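Here is a walk through one protein model. Keep the sequence and the 3D view side by side as you read.

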Amino acid sequence: MGIFLKNKNFRKLTLASWLSTAGDILFYLALMTYASKLHNYTLAISLISITEAIPRLIQSLSGYYADRTKNKLKMIVWLAIIRFVLYLIVGLLFVTNIAGWNLVLIVIGINFISDISGMYSSGLTTPLIVDLVGANEISEAEGFTSGISEIISTIAQFIGSGLLLFFSYSNLAIINALTFLAAGLLYVSINHSYLQDHAKEEIKVNEQGFFTTLKSSFMQIKKANGLLTVISVIALLNGILMALEPLISIVVAGNKTMLIGTYSFTIALIGVINSIGLALGSAIGTMIFKKASLFTITLLDTVVSAGTALAVIAQNIIATLIFIVLLSFFAGVASPKMSQWLVSAVDRTILSSSIGALNTILQVAGPLMTTIFTSIASAININVALASLIVVSVAVFIVAFYVMKKTQKTTPEVEPNID
């Protein structure tokens with residue numbers, strides 16, 4: 001919060017990011033609602049979900065091109081303008097004679113291009129944030145940004161569902177376009193002062209090939225004693241967090257004692273609790289646990305993940321909700337701290353590539369572990385799936401604890417000083 005209030009340029013960059021997030025959520029709801037009214041709505045919704053997921057799985061590639069971009073802020077401005085134009089076109093398409101599947105396929109294509117641009121823009125933004133707030137404050141800055149963004153996403157979903165009662169699909173597309181225009185104007189207002197502050201600095205960009213860059217990134221991460229293990233642990237914890245939701249849904253569906261009101265309300269409440277935990281962890285937890293080791297946070301999270309599974313097995317919905325908020329809270333704390341360590345471990349010219357590769361790993365871990373545990377639940381038993389999840393949590397705890405002790409013996413300071 002302090003960085004946001006004191007640092008004018010960081011504040012503008014953050015506000016622009018929040019505007020884009022809110023607009024994207026509103027339009028996503030509109031597109032999904034429109035697709036749900038088609039004859040073959042299952043296929044339409046599946047296509048939307050797939051095209052939304054693909055950009056997240058290629059963040060290492062978009063990060064690589066971000067590292068190769070010399071004037072990052074100028075490119076961010078142009079990307080905001082391009083996305084503004086794209087959604088203006090979408091708004092116009094919704095009022096033309098094109099309808100049904102033809103319209104959906106065109107809009108999905110445009111939305112896909114916009115999402116790719118968004119991933120590229122995100123990669124361009126990361127080094128700028130480091131420049132604006134300093135490497136020692138990146139954990140607090142990213143945590144605050146991510147936490148508020150999570151809250152905005154949750155609120156935007158409720159607002160979007162309400163706006164659909166009064167506004168047309170075209171209106172929501174244009175509202176989304178305007179959020180990108182506003183974001184672009186904020187970026188432009190940063191441009192002048194940022195260029196003045198950095199006018200005399202030599203701009204360095206990555207000139208290595210893609211696979212050479214990934215190899216270089218991996219080698220630098222490996223040299224940071226314990227960082228590679230922590231990344232693996234956090235990926236597994238993210239996977240556990242994502243896998244828990246469908247497993248809990250299965251248990252709630254078969255046990256009325258787990259219901260709070262109706263089934264749909266209980267599931268919605270779990271989602272909201274999860275979002276609140278992530279938001280609090282990112283925005284506030286990073287400040288509360290500023291001096292805590294990332295190893296400590298991951299160990300706490302593994303204990304809580306096992307506790308969550310035990311609460312579900314015991315069919316105690318209150319205990320389950322408490323553990324979920326704690327699990328997501330510590331996950332929200334761990335992610336910015338990991339970024340802090342990564343910033344100090346890798347060369348600045350390959351920072352976006354490294355973070356992109358890391359995010360790709362985190363994105364893959366969730367669906368992979370969800371598939372594994374839900375398959376166990378379907379093939380054998382839900383309690384076996386939950387017990388397996390506990391075993392994984394215990395194994396992750398043992399490995400993380402062992403590596404923490406080992407690195408502390410060889411290197412007293414295993415993480416960068418962030419005071």
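How many cavities of 30 Å³ or more does the structure hold? The answer is two. Bear in mind that this is a predicted model.

Take confidence before going further. The mean pLDDT of the protein is 82. Of its residues, 93% reach 70 or more. Helix α1, residues 2-6, has the lowest confidence, at a mean of 75. Helix α5, residues 72-93, has the highest, at 91.

Now return to the cavities. Rolling a probe the size of a water molecule over the atoms shows where empty space is left. The second largest cavity has a volume of about 30 Å³. Leu241, Leu244, Glu245, Ile270, Asn274 and Ile324 line this cavity. Two helices, α10 and α11 (263-288), each supply at least two residues of that lining. Helix α10 gives the largest share, three residues.

The largest nonpolar core has 85 residues. Val133, Tyr187, Leu247 and Leu386 have the most contacts inside this core. Helix α10, residues 227-254, gives the most to the core, with 15 residues.

What does Tyr187 touch, leaving out residues up to four places away in sequence? Its partners are Leu13, Ala16, Ser17, Leu73, Ile76, Val77 and Ala80.

Next, find Ser20. This serine lies in helix α2, residues 8-35. Is Ser20 buried or exposed? Its relative accessibility is 11%, so Ser20 counts as buried; the cut-off for buried is under 20%. The side chain of Ser20 reaches the backbone oxygen of Ala16 at 3.1 Å. Ala16 is also among the residues that Tyr187 touches.

Which residues does Ser20 touch, again not counting those up to four places away in sequence? They are Thr179, Phe180 and Ala183. Ser20 and Gly118 are 98 residues apart in sequence. In space, their C-alpha atoms are 9.1 Å apart.

Definitions and conventions:
Residues are numbered from 1 along each chain as its sequence is written. This is a predicted model: local features need pLDDT of at least 70, side-chain atom pairs count only at pLDDT 80 or more; totals for chains, interfaces and linings use all residues. Side-chain values use heavy atoms; hydrogens and water are left out. A nonpolar core is a set of buried Ala, Val, Leu, Ile, Met, Phe, Trp, Tyr and Cys residues joined through side-chain atoms within 4.5 Å. Buried means under 20% relative accessible area, exposed over 50%, partly exposed in between (1.4 Å probe, protein chains only). Helices (H or I, at least four residues) and strands (E, at least two) are DSSP runs, numbered from the N terminus. Contact means heavy atoms within 4.5 Å. A polar contact is a pair of N or O atoms within 3.5 Å; within protein, one must be able to donate a hydrogen and the other to accept it, and residues adjacent in sequence count only if both atoms are side-chain atoms. pLDDT is the predictor's confidence in each residue, from 0 to 100. On a 1 Å grid over the protein atoms alone, a cavity is a set of points where a 1.4 Å probe fits but cannot get out, and a pocket is an open set with protein on both sides within 12 Å along at least five of seven lines; lining residues have an atom within 4 Å of a point. Grid points are joined across faces, edges and corners, and a volume is the space filled by probe spheres set on the points.
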